[in-house]
Amino acid sequence: MPDVSKMKKPDVKLVLLGDMNVGKTSLLHRYMERKFKDTISTVGGAFFLKQWGPYHISIWDTAGREQFHGLGSMYCRGAAAVILTYDVTNWQSLAELEERFLSLTDTANHDCIYALVGNKADLTDPKAHLCQDSGVLPEDRRTECEEERTEPQVLSTCPTPPASPASLSGLLLHKQVAREDAVALYGRILRYKGLDEKSSLPADKMCFETSAKTGYNVDALFETLFDLVLPSILRKRHEDQASPTVDLEDCREGSGKRVRASCC
Amino acid sequence: MSVKAFELVPAVERHLLMGDKARINIECIECCGKHLYVGTNDCFVHHFLLDEVPSPKGKPSYSAQKLLHKYLGLKKPVAELRAASALERLIVLCDGVVFLVDMVTLESVPSAAGGGAKIRGVTTFCVNENPVNGDPFCVEMGVLSSRRRTVQIYMVYEDRVQLVKEVNTPEQPCAVSLDGYFLCLALTTQYVILNYNTGASQDLFPYNSEERRPIVKRISREEFLLAAPGGLGMFANAEGASQRAPVSWSEGVIAAAVCFPYVVALDENFVTIHSMLDQQLKQTLSFRDGHVLQDFEGKVMLASTKAVYVLVPLPLERQIQDLLASHRVEEALVLTEGAQRNIPKDKFQVLHRRILQQAGFIKFGQLQFLEAKEHFRKGQLDVRELISLYPLLLPASSSFTRCHPPLHEFADLNHLAQGDQDKVLRCKKFLISYLGEVRGTDAVNGCREDVDTALLKLYAEQDHDSLLDLVASDNCCVLADSVPWLEKYHKCVCCRVGSPLQGFSPAWGGFQEGMIFMFYSSADLIPLVRLLLLTGVHIFTRRPACKGQPEVDPDQVIAYLGKHSQALLLYLEHLVLERKIQKERFHTHLAVLYLEKVVLLLAESPRDEGRLTRAREKLQAMLRESSLYRVKFLENLLLERATLHGKLEEHDEALRILVHELRDFPSAEAFCVWASSGRDAAYQRRLFHLLLAVYLDGAPPGEARAPHGDGSEMEMAAVDLLNRHGEAFDAVRVLRMLPESWSLQLLRPFLNRAVRASMHASRTAKIALGLARSENVQLLHDRLKERRKPIFVSEKKGCHLCHNTFSEPDVVCLPGGVPVHVHCAAQRVRDSPTKRQLANSSNHT
Ligand SMILES: Nc1nc2c(ncn2[C@@H]2O[C@H](COP(=O)(O)OP(=O)(O)O)[C@@H](O)[C@H]2O)c(=O)[nH]1
Ligand SMILES: [Mg+2]
């Protein structure tokens, strides 16, 4: 169903970045519509509006295709959080984040938060495959997973997952990206941003492994981020109320404080 | 997923422009109100008057009337035309030169003294539709020139143009749009936003302008539509961010315009129409040789190389209804809500509500109840629209008629379900839950009767648990409809309460599964409850024995009615007298109730003789006819009767009952004590004498004197009484009353006490007498003394007894010459123990 509330002005923006096919659109679908469905390669970009308490959060799904790469900076402009997504079965997708996508986030807010998300964990991790700890009811999920499993898979990089959980472990794909690799990249992202590791959000908290297919960790990902951007919303609301024009003095003072806060 | 959002209507046909000259093409158009200007490649400007022709079928059409055409004299195509209607000028770009032309005569405007009216070397220009400078008699213009990396801002006046600003750009600009201070520019390799006031520049995204023709189109305040790589239509605001998701065009788009909520784009063969609300392609029109697409004050116009067209939007409501007709509910709602800003508020609300209601019924028809409910709720549906789908649910008295035009296509539930009983059932379940939810809310203001009655009927029909809750709570069920319905579904036997009380309508009691329930509207509560209690018992008595249903247990009913004696009486009468149930319990209970009633009436003052007689008759009849009641149980009540007699001061009757009928001597004694409490000694004495007399009367000398007979029992009681309460009797009178034959021994305690008491009394009296005498002497003495000296009384002096000051000169002197208030002295005398004693004993002496 198309989002009818698009006309409302969102309070804050979240952006999903990452190579094509890593599952950005699927993650967003899973979270917003509670299901995993066939996606078509995203054209240009799309966004959803999520009501989170009294706030409206816009979540932008971007196109990973090279062709649309140039639009990334525009989508990231003013973003309060960026979700850098890779595919755990594809090392290149992680490398691309650093090579192509990280620089797009230059236009994001100065206090933007970054999450690193390894998707398709169901292909490598039995836990994610059976999906024991996501927000959906276990029963629903089980039948859903089973349905999905019987569908023919048309993924070139991922062979059809096994039909029975018993034989699962033998047929799991090789996990090309270990969690440590993601944690290391997170550290490099902070360095790229000139942020101090100690005063920033810990890698532990900001590196996720998810499965859009089973729902594993998907709610946790989005909800963690929503909670983290709340201060940003409040600040923005406050600013909007205080003055519709930008006060340069104020800005300088604000950023000065921020630097001070982050170095001690 | 297509919608018919626009219709392509010819405006200026080929023959009006160029006749059959094949090489003449349209280059540009401008429309300003009814005035249409067309620039051609042979350096002509044509001026038309464009009229919308109203047509009976609602299909729009236009008629164009040619006013003038003018050769501009440059032999080059007219590249761009812009009207500045306040100045009555057309801004023309032709052969790299911008100049002004009179809107009416199409004559070139000569340069004013002091300033030129021409700009040379121009590749393209744009007009600022949202200028910061508010002067209505000048137009702000952004100009791009060939071979220079600058944008120039000009002010255009009636007869001159004036350069006001020049901003450098990093690359050669090739397309421009202007809003406020913001220039949106297509450079060779990217789009940027440039603030010409501050010089601040914001990169948007890369775009190869040499490969594909860029588009920069201002669509609203500080928002632009841009052609992006991959055939996207991207939105960007002045801050350089996107607030809408892009639409996906073909790669070859040459022009775009916005007609809310649609984005219209033109490529070589088609006009495509996307919704800005959901980014979907909604309509495609085939259009050959498309050349120009522009919107003029909301009117979208198109030109091929040979003719001009108007893209007429279909009325929004039509579009929405079309969507609804094909059950595309979500799209219809998106379109409706998207149009909010373009429709006056009150009109929008009406429209929105109606669409929501229709959407709700579509979802309802698809049995998607959750969505249906949400739409109904948001659309503030009159619930009766929904109820009226269900045959017979609305009360006959309801004034409801369905809204017109209808909100849905269903005649009724059966039509909707096409005989599928499961569907019918699900719809009913839905209505139950829906009505249950709305009935307490404001949504049903003005139709509570209809809603409650419908719900009651559904509950009854579906054997729903909440039926009792509904009737037990404050509700507005219509009696005339509910009763037959409930009876039909064997939910209860209803007993109508006539309306002896004014102004209270839906009141009735009903019965189900051993419980009483009732309907009421809260204002009638108290009179109703009383009425129901009196007549409610009919529920039990008039209820025919139903087959299959278990018989009501009379004991339960009685326990319940026990709290309401009048109803209980009626019910017992029903059991005992009408149904002739031979149970001792019921008979006794009834007899007791009769008796109580009689006693109660007896105690009333003044007595209602009529009622009393009737009550007595009933009691007597009962006592006569029935042989089942327990006599003993009735006897117990004599005690109460005696008490009542006592209250009426009919002591002899009371004592007679106690002694002769109950033979309860301790009670008789207690009665005397109780009846005389708070009275003086003489009163008590009279009572005790009365009791003694009753005892002695019961045992007249010479009658049967068996040791355990009546007489001796009474005698013993008399003796005990005397011995116990001797002090209360007048011994002399007692001695006179007592039979000769009684032995002195028997009465010794009494006599002892009597003698002692009389001795005591005489001695106390003597002492009191002595004291009084001495007081008298003392007073005489004081009086003699006080006569000789003055007694001072002033307002400041206090009385010794009450310590208040004196306000009057009258005082009393106590012994010793102490002045006190008159009333204080009197009080003291009254309270003095000697005086009291004296008063008491006075008659002894
Ligand atoms: N097994 C598995 N497949 C996934 C998952 N998420 C996405 N996919 C598949 O990966 C492909 C690309 O997904 P999509 O969401 O379009 O990726 P995007 O290009 O990043 O938006 C699709 O075929 C999805 O079915 C996942 O969590 N597990
Ligand atoms: Mg995608």
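## Shell around ligand 1

By class, the shell around ligand 1 in this predicted model holds five nonpolar, seven polar and five charged residues. Here Ala, Val, Leu, Ile, Met, Phe, Trp, Tyr, Cys and Pro count as nonpolar, Asp, Glu, Lys and Arg as charged, and the others, Gly among them, as polar. The shell has 17 residues, each with a heavy atom within 4 Å of the ligand. The closest are Asn21(A), Thr25(A), Ser26(A), Thr39(A) and Asp122(A). Helix H1 of chain A (residues 24-33) gives the most, with three residues; helices are DSSP runs (H or I) of at least four residues, strands (E) of at least two, numbered from the N terminus.

## Polar contacts and cover

Polar contacts pair N or O atoms within 3.5 Å. A polar side-chain atom of Thr25(A) sits 2.7 Å from a ligand 1 oxygen. For Asn119(A), a polar side-chain atom lies 3.1 Å from a ligand nitrogen. Ala212(A) uses a backbone N or O atom, 2.8 Å from a ligand oxygen. The protein covers 92% of the 570 Å² of accessible area that ligand 1 has on its own (Shrake-Rupley method, 1.4 Å probe).

## Magnesium site

Thr25(A) and Thr42(A) coordinate the magnesium ion (ligand 2) through OG1 atoms, at 1.9 to 2.0 Å. Donors are N, O and S atoms within 2.8 Å of the metal (3.2 Å for Na, K and Ca); water is not among the atoms, so the site may look incomplete. Thr25(A) lies in helix H1 and Thr42(A) in the loop between H1 and strand E2 (45-52) of chain A, so the pair ties together parts 17 residues apart in sequence. Thr25(A) and Thr42(A) are buried (under 20% relative accessible area, 1.4 Å probe, protein chains only).

## Basis

Residues are numbered from 1 along each chain as its sequence is written, chains are lettered from A and ligands numbered from 1 in the order written. Local features need pLDDT of at least 70, side-chain atom pairs count only at pLDDT 80 or more, totals for chains, interfaces and linings use all residues, and side-chain values use heavy atoms, with hydrogens and water left out.

Technical notes: A polar contact is a pair of N or O atoms within 3.5 Å; within protein, one must be able to donate a hydrogen and the other to accept it, and residues adjacent in sequence count only if both atoms are side-chain atoms. Buried means under 20% relative accessible area, exposed over 50%, partly exposed in between (1.4 Å probe, protein chains only).
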